[in-house]
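Please consider the sequence and the three-dimensional model shown below. The paragraphs after it are intended to be read with both in view.

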Amino acid sequence: MDVLSNLALGFGQAVSPENLLIALAGCIVGTAVGVLPGLGPTATISLLLPISVYLDKTSAVILLSGIYYGAMYGGSITSILVKIPGEAASVITCIDGYQMARKGRGGAALAIAAFGSFFAGVVATIGIAVVGPGVADYALAFGPIEKTSLFILGFMLVLGVGESSKIRALAMIGLGLLLATVGVDLVSGDERFVFDIPALRDGFGIAILAMGLFGISEVLLMAEGDETTGAPIPHAGRLRDLMPNRREIRESAGPVMRGSLLGFFLGLLPGGGALISSFASYMLERKLSRTPEAFGQGAVAGVAGPEAANNAGAQASFIPLLCLGIPANATIGVIMGALLLAGITPGPRLIVEHPELFWGVIASMFVGNLILVVLNVPLVGLFVSLLRVPRAIMAILITFFCVIGAYSFNNSMFDVGTMLAFGLVGYALRKARFDVAPLLLAFVLGGLIEESLMQALIIGHGELSAFLVSPLSAVFLAAAVLVSVMPPILSRLLRRKSRDALPQDLSKDLPKDLPQP
Amino acid sequence: MRGALVLMAVAATALVYSVLHYDIWMSGMPGSGLMPLVGASLVIVACLGVAIRERGLPSGFTVHPAPLAYGVGFVLLLPLTALIGLLPALGLMAVAILRWVEHLSLGRSVAVAAVAVLGSWLLFQRLLLVPLPLGWIWGF
């Protein structure tokens with residue numbers, strides 16, 4: 001009953017005409033920012049911080065959070081249509097979303113992403129309303145030791161991501177880790193692989209790496225003139241024909257529900273849970289699928305699950321911020337800055353001291369998701385019409401956006417050069433049949449795991465047993481072992497079963513290396 | 001397989017460099033050299049695995065002239081930007097690529113480049129207030 005009355009208080013705040021307009025503005029700006037490579041949500045929210053000071057504190061957080069989840073959806077649009085992830089969490093959507101677009105189902109992929117995100121948003125909002133107030137006590141037990149184990153689990157999940165074999169994915173994970181070490185080591189202060197270049201002291205930016213590896217390398221593949229590389233134009237132009245068909249809706253229902261729950265629970269974990277949720281969902285769907293070989297070729301579940309998980313995780317990541325004062329990622333960190341500017345310190349006392357803010361933000365999430373789906377689904381046709389642009393012109397436009405986007409981060413031509421260099425490297429890697437998605441995900445996790453590992457070992461006095469003493473950490477490590485050990489065992493068992501089931505003379509003709517489930 | 005070998009050589013160089021310059025473990029704690037060591041070792045082991053698995057298979061890949069021309073355009077973009085500014089440099093690169101690599105007519109190439117330059121100027125410079133570099137010529 002308490003939850004309902006609190007939610008009523010929140011909706012009272014969220015549906016005021018002023019806050020509705022602010023949520024709409026946030027969603028529009030966020031979607032536009034997500035579509036444009038370069039100026040990501042973190043930079044945009046930082047730019048809008050001075051404006052938020054003039055707003056009421058609840059309105060300020062509604063505006064900034066609207067930009068945040070608007071950008072999440074906007075990032076999916078470019079991931080699906082042109083294979084440029086707007087956000088690290090959208091990397092996974094590139095894999096099957098782009099393949100769906102290449103098969104003329106770009107509109108369906110966008111609609112599935114929109115409806116999946118909406119459903120996940122509603123689930124996450126209800127989840128936050130129910131779980132949020134009680135989560136503070138539990139989440140305070142989540143320290144660097146638990147974070148390190150969570151990231152180890154993340155790496156095990158990354159191993160199964162992408163189109164290439166596991167051994168090639170492992171090489172890309174190693175390369176991602178290596179690239180993540182460039183810059184000043186925060187613990188020792190050592191400059192690693194900086195070679196006296198000042199611009200390298202802060203390391204490579206995630207967006208610079210993503211635009212180069214995905215955007216520019218795609219431009220170079222398009223330049224080969226292979227018409228199958230660029231996404232084809234769907235035959236039908238009517239909105240109804242661009243929507244998912246019955247089979248696609250059926251195939252997406254389960255993944256959306258599972259992705260919503262997985263994303264919500266992983267998003268509650270401070271420090272990267274929301275990021276891990278999208279590829280955890282992808283791996284889960286691939287494992288559950290009867291046709292795992294369809295993943296990487298335009299599987300509906302490969303879009304629906306990660307998109308739902310991504311959105312649920314993004315919303316659930318407000319819980320560590322509002323209940324504990326721990327920002328789950330850089331964007332949430334900037335929103336925390338806005339709260340501090342308004343004189344509010346996020347933490348366990350926030351729900352008690354500012355209930356109108358806490359419940360107002362939760363109710364605005366529901367309103368924001370509704371606005372996003374109402375705003376974006378009718379625009380699917382417009383987004384898909386981007387695919388009618390001829391290949392050569394599209395390649396030039398992507399180059400323009402990537403170059404100016406890379407420049408706009410730090411107003412630095414060094415970033416442009418780095419992005420173009422990564423584009424050439426990405427092209428060479430893809431030509432050599434290495435998938436660059438695990439590289440990018442390992443790059444993101446690399447920086448996080450190194451920092452938390454150092455902190456964990458300081459807390460544990462250098463003893464590795466500290467990772468087994470913490471029950472949460474032990475659970476994550478056990479899950480990591482299961483994720484890495486189970487597929488080969490299952491594959492071997494299945495192979496033996498299928499050999500036993502076949503007559504002796506046929507079984508000898510079976511290939512030794514059957515695909516893994 | 002050739003790609004795996006090149007990657008292995010790069011990782012081996014990074015590994016030797018990091019071992020020579022950074023501590024792997026100090027005072028009972030991981031040093032700044034631990035993560036580069038882990039990353040480079042993973043690349044070497046995995047690429048070795050790829051090389052062994054794919055020995056005997058045809059290696060290498062052919063590079064088409066078009067991506068090569070795009071690559072040259074990207075490389076020339078940086079000095080050209082220093083000279084004439086980012087948007088004019090991008091415009092020139094676009095015209096050159098569309099005309100001589102993609103074989104569009106000169107008029108169409110110029111029109112596409114002009115629209116892209118104008119759109120980028122409006123969006124980034126005017127709307128988002130990104131101070132795009134003017135270059136040596138316009139910078140006076």
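Residues are numbered from 1 along each chain as its sequence is written, and chains are lettered from A and ligands numbered from 1 in the order in which they are written. The model is predicted, and local features need pLDDT of at least 70, side-chain atom pairs count only at pLDDT 80 or more, and totals for chains, interfaces and linings use all residues.

The model as a whole scores ipTM 0.93 and pTM 0.73. Confidence in each residue is given by the predictor as pLDDT, from 0 to 100. Chain A has a mean pLDDT of 79, with 81% of its residues at 70 or more. Within chain A, the lowest confidence is in helix α24 (residues 504-507), at a mean of 45, and the highest is in α20(A), at 92. Residues 227-236 of chain A have pLDDT below 50, and this stretch has 24 contacts in the model beyond near neighbours in sequence. Residues 502-517 of chain A also stay under 50, with 14 contacts beyond four places in sequence. Where pLDDT is low, the predicted coordinates should not be read in detail. For chain B the mean pLDDT is 88, and 96% of the residues reach 70 or more. Here confidence is lowest in strand β2 (residues 29-30) of chain B, at a mean of 79, and highest in helix α4 (residues 86-101) of chain B, at 94.

Chain A contains 24 helices and two strands; these elements are DSSP runs numbered from the N terminus, with helices being H or I of at least four residues and strands E of at least two. Of the 517 residues in chain A, 58% are buried. A residue is buried if 20 or more other C-beta atoms lie within 10 Å of its own, exposed if 12 or fewer, and partly exposed in between, with C-beta atoms placed from the backbone.

A:Met365 lies in helix α17 (residues 355-376) of chain A, and A:Met365 counts as buried because it has 26 C-beta neighbours inside 10 Å. Leaving aside neighbours within four places in sequence, A:Met365 is in contact with A:Ser65, A:Gly121, A:Thr125 and A:Gln315. A:Phe264, in helix α11 (residues 246-268) of chain A, is buried because 28 other C-beta atoms lie within 10 Å. Beyond residues up to four places away in sequence, A:Phe264 touches A:Val123, A:Ala124, A:Gly127, A:Ala312 and A:Ala316.

Most residues other than glycine have a negative phi. A:Phe193, in the loop between β2 (191-192) and α9 of chain A, has a positive phi of about 50°, and A:Arg433, in the loop between α20 and α21 of chain A, has a positive phi of about 65°. A:Phe193 is partly exposed, with 18 other C-beta atoms within 10 Å, and A:Arg433 is partly exposed, with 16.

Chain B is divided into domain 1 (2-53) and domain 2 (65-138), with bounds that come from an automatic or database domain assignment. The C-alpha centres of the two domains of chain B lie 39 Å apart. UniProt, in an unreviewed entry, places the feature "transmembrane region" at residues 34-52, 73-100 and 106-124 of chain B; its positions are given in the numbering used here, feature names are shortened, and annotations may be inferred rather than shown by experiment. In the model, residues 34-52 of chain B are 100% helix and 0% strand, with end C-alpha atoms 27 Å apart. Residues 73-100 of chain B are 96% helix and 0% strand, with end C-alpha atoms 12 Å apart.

The contact between the chains takes 45 residues from chain A and 47 residues from chain B. On the chain A side, the elements that give two or more residues are α8 (166-180), α9 (206-223), α19 (391-410), α20 (413-431) and α21 (437-459).

Technical notes: Two residues are in contact if their C-beta atoms, placed from the backbone, lie within 7 Å.
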